[in-house]
4 protein chains.
Amino acid sequence: MRKLSLSTAQKIISAAFEKAAELGLKPLTVVVLDDGGHAVSMARQDGSSILRPQIANGKAYGALAVGTGTRWLNANAETRPHFVQALNGAAGGAIVPVPGGVLVKSPDGAVLGAVGVTGDTSDNDEAAALAGIEAVQLVADCG
Amino acid sequence: MRKLSLSTAQKIISAAFEKAAELGLKPLTVVVLDDGGHAVSMARQDGSSILRPQIANGKAYGALAVGTGTRWLNANAETRPHFVQALNGAAGGAIVPVPGGVLVKSPDGAVLGAVGVTGDTSDNDEAAALAGIEAVQLVADCG
Amino acid sequence: MRKLSLSTAQKIISAAFEKAAELGLKPLTVVVLDDGGHAVSMARQDGSSILRPQIANGKAYGALAVGTGTRWLNANAETRPHFVQALNGAAGGAIVPVPGGVLVKSPDGAVLGAVGVTGDTSDNDEAAALAGIEAVQLVADCG
Amino acid sequence: MRKLSLSTAQKIISAAFEKAAELGLKPLTVVVLDDGGHAVSMARQDGSSILRPQIANGKAYGALAVGTGTRWLNANAETRPHFVQALNGAAGGAIVPVPGGVLVKSPDGAVLGAVGVTGDTSDNDEAAALAGIEAVQLVADCG
């Protein structure tokens, strides 16, 4: 049995959308990946642009790639751009190193997967991801 | 407004899973693409293997690529393998030409998107896709 | 904690090499992937050719991609070549669909990872993989 | 016979892990490449994130690519970013130009291979690589 079930992933997505509605955010796309970086569920709201699934995936995958949320990658992209560029080369260009990719952990610290959100500002995207993870009583790591 | 809304896509996925449960199928992955070939929603059931999202996407994308369901592509792969290979070259390898990629049309014949299902036999995958499309009163084209 | 630990992976590799020595096989390369398809450990024996790590990886990854050992993919490559070709397109060419990629399951059927072996005949490669999995009391699925 | 044997590579990895335990480092991934840049052995400790094998490989490969350790590449990335970017273009994005990729030489100066370590800070990664190379009485070149 996969640790992050489809049922949990769908609850995370619903709660992220509820938070987005509450904050009046632009149309979002949310993806939930398992601990191996493989998508469990994805939803793109009406009006969310066409590359959003790949962007959301790239945030969540970036968090899993280095073992912490993409806020860490965003900071490194400013202080050590050659590292983040090379990391993305090693990842085949699959990483989007800006906030909004949040690691999902169990209470004992095991990595269960990651949530990626895109569509509004990076800070707002991250807020929606956090609300999703909080709704299922799991632990978020923003980086 | 996109013609195939997130709400409709999620209903298609739920109905496909209900049909799968009724038929006792293996764990499935279902993706719904809009008419531009971009994912609206995706769900991978617990136990569905890690490449399934790409396979489901490749079926749905194949249907949109040629304007009919992947049953047609499967037949062509047997009679004209060079055509299907070349088609996939043009598509960057993104097409999976076996049954289970079903075009979604409105009652007046307009293409709204496509559903891709994978996890059981190709015929059973297609049956689940059909049940999903039927549940939202849209028209299915299996090819 | 990852389900297939480094310690377990190293025992699998050692046991596979012991079996190979017993059978007098050519120099092998063995890789052990976790359930997300990410390498836990890899070893290439002296004299095993330079592309062997990628071949071993491609066998193990193929098993995880479809949820069963690569003997199944090998059979499909003969009966439905267009399916296996398309699958590899969806996988970015990462799959090597011949025997020697064996799924590793827990006694209750959960997928823990996969072992890929290459260097001798595909049947002998598979025999070495099986010996490795047996040595750690896990369940093998050859496809 | 390859100059850097599997037995030597495995000793390097074990010694690097011992040093990491002694220093209390985060979970590491260590790869040893031969003089042709092809992996001899790799091990990812439990809890080391999913892209670490590629990162470790990218450090070791970078050292072999230019004939000195990646500390030199890291310095160049700051003073001549266009050079390191172009180098990585020529390498297909396979190089990770930060410390932790250490060239392995024989006492007479011949290049035998390279070690790549990732998981903690770049300086600590390099310290683990050095301990590994020292354990087999070979000569390290950090760049």
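## The interface of chain B and chain C

Across the interface of chain B and chain C, five residue pairs are in polar contact, both residues of each pair having pLDDT 80 or more. The side of chain B that touches chain C draws at least two residues from each of helix 2 (52-66), helix 3 (70-79) and helix 4 (81-90) of chain B. Sorted by class, this side of chain B has eight nonpolar, seven polar and two charged residues. The structure is a predicted model.

Chain B gives 17 residues to the contact, and chain C gives 18 residues. The number of salt bridges between chain B and chain C is zero. The size of an interface is often given as the accessible area lost when the parts come together. Between chain B and chain C the buried area is about 1,200 Å², and carbon and sulfur atoms give 65% of that area.

## How chain B and chain C are related

Two copies of a chain are related by a rotation about an axis and a shift along it.

## How chain C and chain D are related

Chain D is superposed on chain C by a rotation of 180° with 0.0 Å of shift along its axis, and the RMSD is 0.1 Å. This is the relation of a two-fold axis. Within chain D, the C-alpha nearest the axis belongs to Met42(D), at 2.5 Å from the axis.

Ser41(A) is placed in strand 2 of chain A, which covers residues 39-44. Is this residue buried or exposed? Ser41(A) has a relative accessible area of 4%, which is under 20%, so the residue counts as buried.

Leaving aside residues up to four places away in sequence, Ser41(A) touches residues of its own chain, including Leu6(A), Ala9(A), Gln10(A) and Ile13(A). Val30(A), Val31(A) and Val32(A) are also among the residues it touches. From chain B, Ser41(A) touches Met42(B) and Ala43(B). A polar atom of the side chain of Ser41(A) lies 2.8 Å from the backbone oxygen of Met42(B).

Key. Residues numbered from 1 in each chain as written. Chains lettered and ligands numbered in written order. Predicted model: local features only at pLDDT ≥ 70, side-chain atom pairs only at ≥ 80, totals over all residues. Heavy atoms only, no water. Helix = DSSP H or I, 4+ residues; strand = E, 2+ residues; numbered from the N terminus. Buried < 20%, exposed > 50% of the residue type's maximum accessible area, 1.4 Å probe, protein only. Polar contact = N/O pair within 3.5 Å; in protein donor to acceptor, adjacent residues only side chain to side chain. Contact = heavy atoms within 4.5 Å. Buried area = accessible area lost by both parts, 1.4 Å probe. Salt bridge = Lys/Arg side-chain N within 4 Å of Asp/Glu carboxyl O. Nonpolar A, V, L, I, M, F, W, Y, C, P; charged D, E, K, R; others polar. Least-squares fit on C-alpha atoms with pLDDT ≥ 70 in both.
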